[in-house]
4 protein chains.
Amino acid sequence: MGANPNPLILVSPYRIPMSVRVGILGATGAVGQRFIQLLDDHPTFDLATVTASDDSAGKRYDEAAKWRVDTPIPDDVADMEVQRTAADAVPDDLDLIFSSLPSGVAADVEPEFAEAGYVVSSNSSNDRMAEDVPLTIPEINADHLGLIEVQRDERGWDGALIKNPNCSTITMVPTLAALDEFGLDRVHVTTLQAVSGAGYDGVTSMEIIDNAIPHIGGEEEKMESESRKLLGSFDGAALSLHDAEVNASCNRIPTLDGHLESVFADLADDPDVEAVAEAMREYPGVDLPSAPEQLIHVFDDPMRPQPRLDRNLEGGMAVAAGGIQETANGIKYNCLAHNTIRGAAGASVLNGELLVEEGWV
Amino acid sequence: MGANPNPLILVSPYRIPMSVRVGILGATGAVGQRFIQLLDDHPTFDLATVTASDDSAGKRYDEAAKWRVDTPIPDDVADMEVQRTAADAVPDDLDLIFSSLPSGVAADVEPEFAEAGYVVSSNSSNDRMAEDVPLTIPEINADHLGLIEVQRDERGWDGALIKNPNCSTITMVPTLAALDEFGLDRVHVTTLQAVSGAGYDGVTSMEIIDNAIPHIGGEEEKMESESRKLLGSFDGAALSLHDAEVNASCNRIPTLDGHLESVFADLADDPDVEAVAEAMREYPGVDLPSAPEQLIHVFDDPMRPQPRLDRNLEGGMAVAAGGIQETANGIKYNCLAHNTIRGAAGASVLNGELLVEEGWV
Amino acid sequence: MGANPNPLILVSPYRIPMSVRVGILGATGAVGQRFIQLLDDHPTFDLATVTASDDSAGKRYDEAAKWRVDTPIPDDVADMEVQRTAADAVPDDLDLIFSSLPSGVAADVEPEFAEAGYVVSSNSSNDRMAEDVPLTIPEINADHLGLIEVQRDERGWDGALIKNPNCSTITMVPTLAALDEFGLDRVHVTTLQAVSGAGYDGVTSMEIIDNAIPHIGGEEEKMESESRKLLGSFDGAALSLHDAEVNASCNRIPTLDGHLESVFADLADDPDVEAVAEAMREYPGVDLPSAPEQLIHVFDDPMRPQPRLDRNLEGGMAVAAGGIQETANGIKYNCLAHNTIRGAAGASVLNGELLVEEGWV
Amino acid sequence: MGANPNPLILVSPYRIPMSVRVGILGATGAVGQRFIQLLDDHPTFDLATVTASDDSAGKRYDEAAKWRVDTPIPDDVADMEVQRTAADAVPDDLDLIFSSLPSGVAADVEPEFAEAGYVVSSNSSNDRMAEDVPLTIPEINADHLGLIEVQRDERGWDGALIKNPNCSTITMVPTLAALDEFGLDRVHVTTLQAVSGAGYDGVTSMEIIDNAIPHIGGEEEKMESESRKLLGSFDGAALSLHDAEVNASCNRIPTLDGHLESVFADLADDPDVEAVAEAMREYPGVDLPSAPEQLIHVFDDPMRPQPRLDRNLEGGMAVAAGGIQETANGIKYNCLAHNTIRGAAGASVLNGELLVEEGWV
């Protein structure tokens with residue numbers, strides 16, 4: 001039987017020919033497990049090291065991790081010995097480090113790795129808004145990687161630290177980037193976020209069944225600031241934030257995966273629905289192994305996108321939009337992305353591919 | 001045991017002394033059943049007649065209705081004979097008619113009843129925006145009842161037709177009314193609406209479990225237009241819409257009852273959070289049997305209001321707000337109401353009480 | 001408005017005239033909070049003391065407890081100072097102690113209280129199967145309280161320790177007691193249990209949305225052993241277990257409150273459905289403040305009982321049954337009870353009322 | 001990126017070399033759509049015709065069907081013209097017909113097709129218990145196909161009608177077949193069934209969120225009778241039912257796909273857990289394109305199988321078991337299968353493959 005009822009396969013030609021040895025910091029957690037899943041059979045990246053907290057160090061990975069991802073632990077990873085999360089505990093010859101540490105831990109550890117010469121592609125929220133840290137979505141602002149030179153100059157690092165944005169930010173920003181040509185001015189966005197965004201134990205069933213929660217700590221601030229940095233411009237020396245005003249309201253709903261967001265965008269120009277849809281559909285992608293063929297899928301059916309039906313578009317790496325309508329001052333629409341793939345581990349992996357492609361690794 | 005784990009009781013003194021004979025059009029449907037529940041033991045209203053479609057006419061109520069409300073059918077209602085939904089099929093001496101007919105049916109039938117001399121308090125969506133039809137929330141715009149004179153003049157009716165707004169509208173408008181003193185200018189609202197708003201069979205389980213739906217047909221237009229009518233002013237002859245711009249995006253989520261809404265309000269003035277909270281908390285109520293003691297309950301905890309925890313405030317007749325924060329141009333906050341009580345049958349009953357209090361019945 | 005959309009009120013005459021001073025051990029947890037809710041306005045019990053872990057001792061109750069019950073903290077309880085959970089930390093003049101401690105803690109602490117002279121009515125699972133500890137449902141086996149004499153003789157206590165059964169046990173046992181007259185022989189029961197049975201944080205949303213979990217640690221053993229003790233006979237000196245064989249399979253489903261259980265019962269006699277229904281409906285209740293008027297409500301509609309519709313019958317203190325059908329060797333049916341009211345705090349309170357009524361307090 | 005986060009692929013060698021032209025009766029419904037999904041890229045079956053009700057006949061398939069499956073409509077199917085569901089409306093040269101008609105319609109139409117010479121592999125519930133109709137799971141009772149000779153003799157058909165069992169039956173029967181060597185005597189099974197078993201519109205969200213429904217019309221009778229037929233023996237002339245007694249209780253829970261069932265099996269022998277697990281694990285499969293490599297996957301972890309985690313084992317065509325424990329008279333365990341793949345369309349397709357392999361087509 002060739003039928004595939006729920007296909008998540010990305011068929012990617014090997015576009016990055018060399019082998020790159022990578023490690024994962026915080027490999028036993030929820031995002032760490034997703035990293036392992038995405039790196040299994042990766043065309044370029046060769047997982048060489050996994051680290052976790054001191055409690056887990058020294059154990060076999062399959063003993064240390066409570067594996068909860070929906071595919072089995074890859075056999076070679078199951079047998080790996082978990083290392084301490086410290087620069088002196090991992091092999092010298094790693095080319096690239098992925099990090100999904102808790103932000104409090106990451107704030108101390110990631111600079112230590114960068115100083116020791118490792119290039120770190122991190123999903124953790126610390127330092128995302130630091131002036132010399134690239135916050136990158138390859139399709140949107142690959143040129144911001146130039147900040148690595150600034151970072152190395154200022155911090156005296158041989159390595160580097162780059163970040164991907166928060167899951168709720170990344171869901172919306174590709175659509176805003178597509179709108180920028182029409183004079184993006186003010187944004188009001190309200191999110192309907194899935195429970196997996198809080199981690200496996202983050203939201204109890206008693207809290208969310210037959211319910212919704214109108215607040216997610218720190219999330220609104222992240223959306224409001226990270227969006228402006230991602231859309232900002234880099235002149236080779238410093239980064240200027242985009243001057244659009246972004247207002248966010250964040251809610252948790254009883255959905256497993258996939259953040260849905262309702263966006264109102266004030267635009268200086270007055271594009272019609274078709275022009276907006278076309279700008280989104282034709283927003284250029286990148287030629288990297290984990291990148292989707294089409295960055296933004298636009299639905300004509302106003303009932304779409306829906307989290308359960310559309311979160312797995314192009315292996316969870318595409319963004320979906322729909323319900324585009326004109327308003328008095330611009331447009332409104334909905335957008336959606338898979339929060340733990342495009343919104344977390346997949347975003348870091350894609351940034352890692354960009355780092356390789358651009359020669360930083 | 002005196003404990004009441006989930007109390008929904010409104011203790012109301014008899015403020016309207018006379019007995020009023022009422023009927024319900026469309027009494028077997030979901031909202032019709034909620035009318036029956038709310039009218040049971042009502043201090044003033046005496047349910048005398050229930051109507052339904054021709055298929056049900058002639059049957060006992062408990063045979064005609066598939067009762068789905070969480071309290072038993074009142075004994076006296078169970079035994080009632082269901083009547084046809086026609087002015088010549090109900091007793092002449094009814095003082096007040098409640099209507100929860102499908103809007104297509106209501107558009108024909110409600111004018112027929114009004115012409116025949118009945119005062120109709122309707123939850124159906126037809127004619128809500130008609131220039132001579134009062135669209136009323138007693139605490140917000142009781143003076144709009146004066147339109148009944150205009151209506152009678154224009155249509156030659158002895159009776160009258162008044163409407164309550166859509167459930168998603170009524171959740172937000174009390175908070176907007178409280179903000180009006182600060183110069184309400186633009187509104188961006190995104191809803192997270194419960195499945196009961198679509199009726200008992202409106203949303204299948206396959207559609208909504210682990211999902212959300214980013215569109216509810218006609219809902220956004222209702223919120224955008226009804227809000228401006230409710231907040232508009234009546235000069236004794238005609239009604240002017242409020243000139244605020246209202247932009248709505250409506251979503252369905254897997255919650256049973258209670259609409260949660262995220263609101264951004266641009267304000268001409270620059271009130272701080274405390275001033276806004278105070279304006280909401282102190283927004284005046286009305287002295288009617290079904291009215292809550294406090295119209296708007298304001299939470300300091302940003303995690304509230306939540307649908308499951310707060311939808312039953314004051315018997316489901318209060319509105320809740322929380323998460324008030326300043327923005328560049330005004331404020332943002334969340335609000336919540338029980339969509340089938342304050343947002344439907346309870347709204348019509350409250351309007352009926354106002355009609356009696358003001359002498360129209 | 002007198003309508004009460006979801007009434008849970010038990011109107012009970014004062015049948016126990018005196019005032020009884022009570023304390024709650026473990027008052028800040030989920031069951032502890034439910035105790036406080038049920039004791040608010042209790043006709044006889046006067047809550048005098050609340051205890052918690054050393055971390056909470058010394059704080060005001062409303063500071064120590066993360067209140068999650070759907071009614072507000074009673075004002076007088078909010079102000080109470082939380083005490084250490086130790087016999088020397090509570091007033092001497094308490095008449096009755098309710099315990100909802102974690103079973104590991106309870107195993108040490110409850111005997112200490114009983115030795116110090118307190119009568120302890122406990123919901124914790126430790127010692128339920130001890131030979132000299134009464135495991136009691138007042139309607140089923142009130143005579144087992146006679147074991148207190150045995151207990152005092154053996155342990156040299158002035159106080160006493162009595163237990164109520166596990167929530168899944170108590171849902172089924174009233175129906176089995178009603179069947180005993182037909183020669184109860186073998187039982188096969190499969191449970192569909194609500195998430196609240198695991199405590200507020202017991203089941204994460206990621207575990208249970210769009211899912212079910214086919215195992216609950218220790219639950220099957222509890223059902224199999226506790227049932228036989230509850231249905232056993234006490235001859236004044238020792239207790240004999242009922243000789244029915246009980247086989248249980250326990251599952252967790254995405255329901256908030258209310259355990260639903262499918263039971264197959266082999267019976268020596270061959271009663272028809274009506275005889276079984278009548279035996280259940282007419283199973284005698286008790287005259288205690290928290291007791292339901294009718295212990296077992298039997299539905300003719302095979303679609304009932306359902307957790308959401310029927311868990312609150314008689315304030316959550318009644319049991320529901322339905323779907324009774326004959327099988328080759330007996331009958332099958334479904335039963336339901338509110339797991340945190342009749343299945344936990346309410347069960348302990350009812351046992352406390354029995355202790356008073358019978359003169360042990 | 002080669003990672004596949006949720007793989008459902010069955011990699012099957014072409015074991016049936018010829019091309020077989022097939023049609024689907026009732027192709028626009030939920031099961032019909034699943035047929036189309038499973039037949040896309042099938043190694044042998046070539047979909048030539050789709051039929052639906054008269055309302056849809058003459059339309060393009062993508063206009064007639066409200067497509068709800070999670071993969072796109074195959075392009076060639078989208079363009080097909082829907083035919084009437086009648087033997088004279090489909091091509092003469094079809095080799096095999098799949099049917100997912102409503103059972104009321106199927107009872108008339110399927111015999112008409114069989115009489116006209118078509119071999120019909122049907123998922124509809126009509127005629128499953130007819131004495132001359134094979135009810136088949138290829139791995140369990142492929143020899144029952146011999147009944148086709150009896151059927152043709154008695155009915156004078158050139159074609160044939162064969163059936164697959166109900167989704168809840170097929171979940172359990174493979175495990176019972178594995179237990180038969182231990183002297184299968186009595187079975188008590190309670191189901192926790194997913195909402196998709198009732199069809200797309202079968203269970204409303206208001207009925208099932210925060211709830212469970214203890215009855216599914218006709219389901220228990222199907223499980224009790226179909227199981228005994230599937231496990232029965234065919235002597236070349238007639239079929240004898242297995243003499244085990246099967247007692248079923250069927251419940252609906254808020255899960256999208258995957259029926260979980262708790263089984264108690266009385267056994268004449270006294271196998272230990274390991275012997276039972278081995279019998280299940282080693283139960284032989286069949287060499288057909290849609291068949292799983294291993295029919296029954298047995299988990300040692302008592303928390304498994306879970307619907308969301310395990311329903312897609314081997315493309316949804318495997319059965320899972322776990323929680324095996326000894327009881328006084330045999331064993332208890334849980335089992336799980338994907339109700340719309342192994343339990344419906346996939347079961348019919350597999351039967352179709354068996355018909356081809358055995359030369360009936």
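B:Leu336 lies in strand β14 (residues 330-337) of chain B; strands (E, at least two residues) and helices (H or I, at least four) are DSSP runs numbered from the N terminus. The model is predicted, with local features requiring pLDDT of at least 70 and side-chain atom pairs pLDDT 80 or more, whereas totals for chains, interfaces and linings use all residues. Residues are numbered from 1 along each chain as its sequence is written, chains are lettered from A and ligands numbered from 1 in the order in which they are written, and side-chain values use heavy atoms, without hydrogens and water.

B:Leu336 has a relative accessible area of 1% and is therefore buried (under 20%; exposed is over 50%, partly exposed in between; 1.4 Å probe, protein chains only). Leaving aside residues up to four places away in sequence, its contacts (heavy atoms within 4.5 Å) include B:Thr171, B:His259, B:Pro305, B:Arg311 and B:Val319.

In chain C, eight of the eight residues of strand β14 (residues 330-337) are buried, so the strand is largely enclosed by the rest of the structure. β14(C) pairs in the antiparallel sense with strand β11 (residues 259-267) of chain C over eight bridges, pairing being assigned where DSSP finds at least two bridges between two strands. Within this pairing, C:Ala265 stands opposite C:Ile331. Strand β13 (residues 319-326) of chain C also runs antiparallel to β14(C), joined to it by five bridges, and C:Gln325 stands opposite C:Lys332. A hairpin of three residues connects β13(C) to β14(C).

A parallel arrangement is found in chain B, where six strands form an open sheet in the order β3-β2-β1-β4-β5-β6. Strands β3 (83-84) and β6 (160-163) of chain B stand at the edges, each with a single partner strand, so one side of each lacks a neighbour in the sheet.

Between chains D and C, 46 residues of chain D contact 46 residues of chain C. The buried area is about 3,600 Å², of which carbon and sulfur atoms give 49% (accessible area, 1.4 Å probe, lost by two parts on being put together, summed over both). Eight salt bridges cross this interface (a side-chain nitrogen of Lys or Arg within 4 Å of a carboxyl oxygen of Asp or Glu). One of them joins the side chains of C:Glu220 and D:Lys332 at 2.8 Å, N to O. Elements that each supply at least two residues to the side of chain D touching chain C include α9 (219-230), β11 (259-267) and β14 (330-337) of chain D.
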